[in-house]
Each structure stands twice: as C-alpha cells, then as structure tokens.
Amino acid sequence: MDKIPTIYGILKWKCPQHNLMRHVPELRGTIAGNMWETAPSTDIAVSELTHASAEVSEIVFFLLGAMTIVEIVDAHQGFKLVTDNITTRKPRTLLWVVGFVTFFLSSVLDNLTSTIVMVSLLRKLVPPSEFRKLLGAIVVIAANAGGAWTPIGDVTTTMLWIHGQISTLQTMKDLFVPSAISLAVPLALMSLTSEVNGKGQDSPNVLASEQMAPRGQLVFSVGIGALVFVPVFKALTGLPPYMGMLLGLGILWILTDAIHYGESEGQRLKVPQALSRIDTQGALFFLGILLSVSSLEAAGLLRELANYLDAHIPNVELIASSIGVVSAIIDNVPLVAATMGMYDLSSFPQDSEFWQLVSFCAGTGGSMLVIGSAAGVAFMGMEKVDFFWYLRKVSGFAFAGYVAGIAAYLAAHNLNISLPTTVAQVPFLSGS
C-alpha cells in the first residue's frame, strides 16, 4: 500500500486536464479507503489541519492588514478627498455619480467599507426619503460589482487570487466590462423610477464641518498606495499577498507614529488603536468558515459533489451562474471556498472561464437580496431597510444587472474581446 500515493500522483500527472481520478470514483474511493486504513488517523488529521490552517491564515492576515489600513485612513478623514468632490444635488445625476464612485472605491477597498463610507455620505447629502433608500441600494450593487473585477476588492476574489485560480491583470481586463454593465443596467432602470424622476430637495453640505486630521491627505495617499501596491508586490517578489499587505501596514504604522509623535490626542489615529476598532469578529468568522469547508474537502465530500455536478450539469457556465444565485441567500465566502475544494487547477487552469465566472457571479450575485452580502447587511442596519422593501424595489434591477453582466462576459469571451489597456505592457504586471 506504500505505492498508492505514487499511483495517484502518476494518474494526475499523466492526464492533468482529464483527471482520471475524477472519472474513476470507485478506484479513487478504494485507494482513499486503503490509505486511511494503513496510516494512523491522527497523523492524517494533523497533516490536513496544518495544511488548511496555513492556507486560511494567509487570507485572515490579508484581511486584518487591509481592514487596519482602511481604518487608519478613515480615522484621518481621508475619504473626504473622495466625498467632497460629490457636489451635485440632481437626483438622476447623483444616482449615477454615487454608483460609479462606489464602484471604483470598492475596487480598492472592500465592499463593506465602501458601503459604510458612501452610506454615511448619503445621510449628510440627502434627507430621509425613499430616494435616499434607493441611493443606498445602488451603493450595495455598486460595491459588490466593483469588488468583483480586482483581486483586492472582495474577500472571494482575494481567496481565488491567493490560491492561484485567477491572476491580477487578466482578471481586471476580462471582468471590468461585465462588472460595469452589472451596475449600469440597474442604474439605467432606476433612473426611470418615479422616486428618481421626482423633484429632489437641495440639502446643505454639512461635510465641511468634519475637519480632516493633520496630514490626512498624506495618510490617504500612503494607505491607498499600500493597498494598490499589493498585487505589484506579489508579481515582483513571488511572495504571498499577505506579506505585501503587512509591509504596507508597517510603513503606515511608522508614518502615523512619526506624524503624531508626542501628541496625546493623536493616540486614536495610530495603528494600535485602529487594531482595536477593526472587525476582528468578522475575520474570525472567516477563519471558522474556511476551516469548516477545508474539513469537507479533506473528507472528499466536495470532490464527490463536483463529480455529481459534472454528471448532471455539464455546462460550467450554468454551474458558475448557479453559485451566484445561491450566494444571494448563503454567504459567498463558504460557497467559493467549497468551489475551490470541488475543482482544482488540473480541472480548470488559472484564469479559465470557470474561475472568472465564479469570481464575478459570487461577487455580484449577493446584490439580489439585501442579506446576500456584507454590504447589504450593513446598508440594512444603517438605513433601517427591511428585507421585503429591498425585494420589491431593488431585487429585480439587481437580477437584471447580474444576467446582463454574465451575458456580456460570455459574449466577450467567445469573441476573444478584453478591455484594451496599455498596462498590459508593464513588465511586472504581466504575471499573476
């Protein structure tokens, strides 16, 4: 039985694209059963736990570093540089401006932080009304769409990027247009509603009362630069992305300590205080979820599910689209983690149509219900929006955008069309 692992490796190595182990479940089950019988169960459990903990820890450290950087920038009122430039009060124009500002903001920040920043802005720009609720809803749709086309914009895309299913530049090129369309369609449809076409009320700009902290512009520039630099760091060094994120956090830590040295009132603007304010519970939630999914993967259950789906739903586009629909009900993090356990890179190589569709669908599918994403839950709590209001007023628009985005991706993919960009010629971005 000592040669069984070698046989398994040869079968995968000889035919990586057509994994024989997937198509001979009886043989695979026999081999797995014999391996389990010939090795102590504790050793297998420890080995699997060590491997899973290492992979999950990369994601958790990445998230903790990113959340801390964003918290420091927010404490310095750095996002006023973005929000101060939104001066229009015309309802239809405001709808589109808020949508696309959130879209690009979410591509750098995570969708939860982008939603909190933009909904806080709306509460100062627009009085309580049905129109403000619609603006908040479009923030949710835009935040989820914006996070789907960059590797650092959403937890699920970050997971796929860290584990090698998608690369930086190819993902941005292929998913930008579908993501933009998944936002533009709801925006266009909402522009026709009576709430948006009604006369908007001008409201005083009260943002000026909030003063930016000393050197807030510098902290904003360094913080956003640190986030954007992470993919470049990975391409240049080949080190895991969380190392680049922690490097950026370290630079920002030194900077804020130097800026506020000797200031008793500046303690809340430093990294130790920011660490106490970040959503540590959320990071630990991801830790538990991902370890739970890893246990299902180690037991072989996810592979059995993949075999079942392959046998009954041979269309990979339909499988990926279904994941997006389910993510409107179930959190997309365990869904994507389970998908990564079901299919490996020998089944679908890096940047294949399947992985890109999973990234897009899991990110944007959560917009169809207010409980389908962290952004939606935050919006529901901040604006006291109930589930059925969102279902009646927004879900149809979000679904239309979701379908339009998938159609745009499939059309561009089949026609070999991608977003033209001169960035493709930059040497250090040509890799992952």
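The model is a predicted one.

**Entry: the second largest pocket.** I asked how much space lies in the second largest pocket. I got about 630 Å³. Its lining counts 35 residues, and N111, L112, V155, F286 and A374 are the ones nearest the centre. I then looked up the elements that give two or more residues to this lining, and found α4, α7 (111-125), α9 (155-162), α15 (280-298), α18 (332-342), α19 (353-365) and α20 (374-383). With five residues, α4 gives the most. By class I noted 21 nonpolar, 10 polar and four charged residues in the lining.

**Entry: helix α4.** Since α4 had come up, I checked its span. The helix covers residues 41-75, 35 residues in all, and reaches 49 Å from its first C-alpha to its last. That is close to the 51 Å expected at 1.5 Å a residue. After α4 comes Q77, and I noted its positive phi, near 55 degrees.

**Entry: helix α8.** Does α8 sit buried or exposed? I counted 16 of its 18 residues as buried, meaning under 20% relative accessible area, so the helix is largely enclosed by the rest of the structure.

**Entry: the cavity.** How many cavities of 30 Å³ or more does a search of the whole structure find? I found one. The largest cavity has a volume of about 40 Å³. I listed its lining as I141, A145, S182, T364, S367, A398 and Y402. Helix α8 turns up here again: α8 and α22 (395-414) each supply at least two of the lining residues. I sorted the lining into four nonpolar and three polar residues, with no charged ones.

**Entry: the annotated spans.** For residues 134-152 I read 74% helix and 0% strand, with the end C-alpha atoms 27 Å apart. For residues 322-345 I read 67% helix and 0% strand, with the ends 20 Å apart by C-alpha.

Technical notes. Residues numbered from 1 in each chain as written. Predicted model: local features only at pLDDT ≥ 70, side-chain atom pairs only at ≥ 80, totals over all residues. Heavy atoms only, no water. Helix = DSSP H or I, 4+ residues; strand = E, 2+ residues; numbered from the N terminus. Expected span 1.5 Å × (residues − 1). 1 Å grid on protein atoms, 1.4 Å probe; cavity = no way out; pocket = protein on both sides within 12 Å on 5 of 7 lines; lining within 4 Å. Points joined across faces, edges and corners; volume = space filled by probe spheres on them. Nonpolar A, V, L, I, M, F, W, Y, C, P; charged D, E, K, R; others polar. Buried < 20%, exposed > 50% of the residue type's maximum accessible area, 1.4 Å probe, protein only.
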